[in-house]
Each structure stands twice: as C-alpha cells, then as structure tokens.
Amino acid sequence: MRYKILKGITGPKVRYNCVKCNTALRSPLKDAGSSDTCPTCGDSFTVPGESELRDLIKEREAIALAKEQAKQQELARLEMKAKRAEAEKSQQQEAELAARIAKLERDEMEQAAADQLELELREAISSVTTSPDSHDWTTGAPWVYDCVEMGTVSENWKATLQQLLNSRAAKGWEYYRSETLMREVPAGCIGALFGASDTQVSVVVLVFRRPTSVVRAEQKVLSKTNR
C-alpha cells in the first residue's frame, strides 16, 4: 500500500487509499500498525507507517532524554555554584576572623608596650628626688618651668582654668604661680591713619614647673624606648 506522511497541527498523519475501493483515507500516525476498516466499502486493513512511527518514537525519546540530561546538568551546575559560594563565604569569614584576631594581638602588644613604658617612667620618677631642699646645685637648676598664657578673662574662665590645670597635672606639671602682665596691642594700619594709639591689655600667665631630674629621667627612658 502506497502512503505519505503529512504534518498536521494535531500531529503527523498518514495519507493512503483503500486497496479495495481506492477511497482516500487519513489516519493519525500514532495509529500506524493497528487495524481499521474503510468507511466506504468496509474492507479491513492495517494502517501503514509503522516504520515512520518507530522513528518518531525514537526521536521523541531522544529529545526527552536530551532535555532530562540538560536538566540534570543545570541542577549539577547550580549545586556546584551554591557549594562554591558557600566555600567562598566560609573563606571570607575565616579571613575576617583571622584579621580580628591579628588586630587583637597587635592591640595587646601595643598596650603591653605602653604599660611597660608607663612602668619605666613611674620607676624613673620615683627613683629621683623631687625635693628642692636636697637638690645638688652642681647639676643645674632644680626645676623646669613652663608658662601658659590664659589671655583676657572671659565668662567661662573657671572651666578654662580647670581644664588647663587638670591637663597639665595629668602630664606631671605642678602649678607654681600666676602672673598678671600688660600686653601692648598695636593700633594697626587703619587705626594709625586716624591717629589711634597703641593700647594695653591685661593678660594672665600661669607658671608650671617640674623637677629637672624627673624630666631628664623621662627623656632617658623615652630615648631608650625609641631606639
């Protein structure tokens, strides 16, 4: 029996003629190999196209297999990507932890060095005599002095003075005395043009002192530490 395979919207079809009455017939390719009867003469026959049906089934199975393999490959790729991301995240966390540990170790070393320096300074200060009555005048002046200008007296002079005294005391300076001095303020170029004269303002100067032996001991310890 002669036949022809046709493509259709609902799937491939087989076109053939009845062997007995030559009526043109069509059947879905999926019916190839099955028995049927001619609607015109009632003759029984086998729908042709079994070979093409087998090829179509193999082709569809191959396509389905390829899709399944592609799906499995994509799943494997996504799984590998997730594992790689998790490994990178773990490595980053380990690196951050190592960096924090290293910073803590550096801070501890710096703190230990600072504590050691403070201890040496305290030992050096306690080992010298700070009383001016027992000073050996052959070694020079017993005190080192430092003058700090307070400027003119303002409304917040109390807080400013307290802050200055505390900061100097924290550095080991002893308050000695205060002086009130007169400062001459030039009139300036414009003032001089109009005949203005220089003015004098009152300023307060605070005097602090430290024993020379203590300063020398500190300088010795600091120079030893900076080597």
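Arg209 lies over the face of Trp143, at 3.7 Å from the ring centre; a charge sits over a ring if NZ of Lys or CZ of Arg is within 6 Å of the ring centre and within 35 degrees of the ring normal. The charged end of Arg168 likewise sits over a ring, that of Phe208, 5.8 Å from its centre. The structure is a predicted model, in which local features need pLDDT of at least 70 and side-chain atom pairs count only at pLDDT 80 or more, while totals for chains, interfaces and linings use all residues. Residues are numbered from 1 along each chain as its sequence is written, and side-chain values use heavy atoms, with hydrogens and water left out.

The mean pLDDT of the chain (the predictor's confidence in each residue, from 0 to 100) is 82, and 82% of the residues score at least 70. Among the elements of the chain, strand β2 has the highest mean pLDDT (94) and helix α3 (residues 188-193) the lowest (62). Helices (H or I, at least four residues) and strands (E, at least two) are DSSP runs, numbered from the N terminus. Where pLDDT is low, the predicted coordinates should not be read in detail.

Strand β1 (residues 3-6) pairs with β2 in the antiparallel sense over 4 bridges, two strands being paired if DSSP finds at least two bridges between them. Ile5 stands opposite Val14 in β2. The hairpin of β1 and β2 has 6 residues between the strands, and Gly11 in the turn has a positive phi of about 130°. Strand β3 (residues 24-28) runs antiparallel to β2 and is joined to it by 5 bridges, with Lys13 opposite Pro28.

The structure holds 3 aromatic pairs. Rings of Phe, Tyr and Trp (its six-membered ring) pair if their centres lie within 6.5 Å; planes under 30 degrees apart count as stacked, over 60 as edge-to-face and the rest as tilted. One of the pairs, Tyr16 and Phe45, is edge-to-face, at 5.5 Å centre to centre with 65° between the planes. This pair links strand β2 to strand β5 (residues 44-46), its members being 29 residues apart. Both Tyr16 and Phe45 are buried. The ring centres of Tyr175 and Phe208 are 6.0 Å apart and their planes stand at 70°, so this pair is also edge-to-face. Phe208 is buried, at 1% relative accessibility, whereas Tyr175 is partly exposed at 40%.

Methods
Buried means under 20% relative accessible area, exposed over 50%, partly exposed in between (1.4 Å probe, protein chains only).
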